[in-house]
Amino acid sequence: MNLKMPYIRIVVIGALICLLPLVLSTFYMHIAVLVLIWAFLACAWNIIGGYAGQHSLGNGLYMGIGAYTVAYLVNRFNLTPWVGLVVAIILSAAAAAFIGWIVFRYALKGAYFALVTIALTEAAVYVVSNIPALGGAGGMQMEYRGNSLAYMQFAGQNGYFYMGVVLVVFILLLTQWYKRKRFFYQLIAVRENEDAAEALGVDTVKAKIKANVMSGVLCAVGGVFYAQYFLYVGPRSVFGEVVSVQILIYAIVGGLGTTWGPVVGAVLLVPLSEITRGQLGNSFPGSQLLLYGLVMVLTMMFMPFGIMGLADRLRQRWQHRSATPLVDSQGGEAS
Amino acid sequence: MTAMLEVRGLTRRFGGLVAVNDLTFEVNEGEMIGLIGPNGSGKTTTFSMLSGALRPSSGTIAFNGERIEGLKANKVCRKGLARTFQVVQPFPDITATENVMIGAFVNTGGGRQAEAKAREELERVGLTPKADTLAKELTLLQLKRLEIAKALATEPKLLLLDEVAAGLTSTEVDVMLKLVRQLNTEGITCIIVEHVMRFVMNLSHRCIVIDFGSQIAEGTPEEVLNNPAVHAAYLGEEASIA
């Protein structure tokens, strides 16, 4: 098997996607940017949730740290968002390392880990809402400074779109590259069986902390991008459980622990929810949340391994069918 | 010459229960030691303490002259002391090769080297035909071999084998016997916990018998088999008198 193939596929698809602005209207370009933002965030969550199997329900915390850091630094000190990005990376890394250290050191697992992460991201909503310097409950508006890469601001959606494509291609390449590395194998070992992983020399606590930091930092980068696109950050729009669940739902529906799963999930669900919101937002507020709930339940019932898992199974079945003679339908493979 | 493994006064209490009581023994390089005893006598608890999965309540464990009691399992493993589990512990959703690669990553950072090492170990335990099969699709014998391959991939100097023959058919026991003997001739020191007596008696240079957490006998397989205390432990007092 050609090892370069997955990389080539990512780059080629990324390049083809860049042609979209030629055919999409402004409304659909807006949705396309949203798809990219959420795809990126879902890929970031996939590291801790999908590969390491630690179902964090609070990655909004890191997205919020990213978004608020950049908004605050731009507004207060007039810095370029690129500086904000660096500070956001440092802050989110520190937060993720600290939280990971406490939580994993005391071996919080499964539902307990999920509860702690959700509590932290909710706490962040209330903390931020009560800090006037951060705009309180109303959040912060950011000033538009004109079409300039230095300010990470663009007129219209195309600039953001290309930036989003770069980010998503970057995270896919990163994931693909890491997949052959010791670190990712250790994460999978942790997910599959922690005792066995420890017995094979895997420092499970360290591996989980590293995964949390990597996931957190990338979520913060997504948060920076989100803030720059909307030029607004609010406690509930970047922190909090609704955002946190939104991040993970795309990864779960698309396929946990797969390179493309989170992207596939976002490509299918984001437009669905945006269009529902557009059509039913006034008559049925919150209808897109209802839709998420429905999709989640259906996913768990019919494709527990997400769309990528289902695709794998169908492919196997198809190969099996084409390889097996029709006459001999009984008797499995001899072992 | 100092022993490879020196265990002194090893004790583990669970509340009021003393699972392992003041266990003292040595293992020399190249030896094959059988650790036997009736069910619940503390064999697996001893293994768990040696491998770092469980902290001893008291006592010391020295491995190649270095104290290792209380170290975490991953550190112990990286010092060259690996174990297999009584209840097989595969990583179910990845292939046999990938399972073994996780062990191989102890000594290499590169994916390609780890894969080469993993395929080598699978060959060693005779699992090459199943290299690309998901672990959850393997049979018990294959899983037991996989356990050994995973442990071998970490390049252990001392290998703790916890009931690798249990649950296997007679023919399968023979296969496993040959494999473990082969490992020993290749220079790996082994401690085996086993209920399948044919397996232990055939392999061990020396046996340590424990009952209720305490050592009751030590010696060659023949000496141990003829020891009245051992008979008593396994069959009860009266049976041994009769």
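Trainee: What relative accessible area does Gly84(A) have?
Mentor: This is a predicted model, in which local features need pLDDT of at least 70 and side-chain atom pairs count only at pLDDT 80 or more, while totals for chains, interfaces and linings use all residues. Residues are numbered from 1 along each chain as its sequence is written, chains are lettered from A and ligands numbered from 1 in the order in which they are written, and side-chain values use heavy atoms, with hydrogens and water left out. Gly84(A) is placed in helix H4 of chain A, where helices (H or I, at least four residues) and strands (E, at least two) are DSSP runs numbered from the N terminus. Buried stands for under 20% relative accessible area, exposed for over 50% and partly exposed for the range in between, with a 1.4 Å probe and protein chains only, and Gly84(A) is buried at 0%.

Trainee: Which residues is Gly84(A) in contact with, leaving aside its neighbours within four places in sequence?
Mentor: Contact here means heavy atoms within 4.5 Å. With neighbours within four places in sequence left aside, the contacts of Gly84(A) are Thr69(A), Val70(A) and Leu73(A).

Trainee: Which helices do the buried residues of H4(A) pack against?
Mentor: The buried residues of H4(A) include Pro81(A), Leu85(A), Ala88(A), Ser92(A), Ala96(A) and Phe104(A). They pack, within chain A, against helix H2 (26–51), helix H3 (60–77), helix H5 (110–129) and helix H9 (204–230).

Trainee: How many nonpolar, polar and charged residues does the contact of H4(A) with H9(A) have?
Mentor: The two helices pack at an angle of about 145°, with their axes 7 Å apart, where axes are lines fitted to C-alpha atoms, for helices over the stretch in contact, and angles run from 0 to 180 degrees between N-to-C directions. H4(A) passes H9(A) in a right-handed crossing, a crossing being left-handed if the near helix is turned anticlockwise from the far one by less than a right angle, and right-handed if clockwise. Among the residues that make the contact are Leu85(A), Ser92(A) and Trp101(A) of H4(A), with Val205(A), Asn212(A) and Val224(A) of H9(A). Ala, Val, Leu, Ile, Met, Phe, Trp, Tyr, Cys and Pro count as nonpolar, Asp, Glu, Lys and Arg as charged, and the others, Gly among them, as polar, and by these classes the contact of H4(A) with H9(A) has 16 nonpolar, five polar and two charged residues.

Trainee: Which residue with a positive phi follows H4(A)?
Mentor: Phi is near 55° in the residue that follows H4(A), a positive value. That residue is Ala107(A).

Trainee: Which residues does Glu122(A) touch, not counting those up to four places away in sequence?
Mentor: Glu122(A) is found in helix H5 of chain A, and Glu122(A) is buried because its relative accessible area is 19%. Not counting residues up to four places away in sequence, Glu122(A) touches Arg236(A), Gly240(A) and Glu241(A).

Trainee: How many of the residues of H11(A) are buried?
Mentor: Helix H11(A), residues 240–254, reaches 22 Å from its first C-alpha to its last, close to the 21 Å expected at 1.5 Å a residue. Among its buried residues are Gly240(A), Gln246(A), Tyr250(A) and Gly254(A). H11(A) is largely enclosed by the rest of the structure because the buried residues number twelve of the 15.

Trainee: How are H3(B) and H4(B) oriented to each other?
Mentor: Helix H3(B), residues 96–104, packs with helix H4(B), residues 111–124, at an angle of about 115°, with axes 8 Å apart. Angles under 35 degrees count as roughly parallel, over 145 as roughly antiparallel, 65 to 115 as roughly perpendicular and the rest as oblique. H3(B) and H4(B) are therefore, to each other, roughly perpendicular.

Trainee: Which helices do the buried residues of H3(B) pack against?
Mentor: Eight of the nine residues of H3(B) are buried, so this helix is largely enclosed by the rest of the structure. The buried residues of H3(B) pack against H4 and helix H5 (140–153) of chain B, together with, from chain A, helix H7 (182–192).

How values were computed
Expected span 1.5 Å × (residues − 1).
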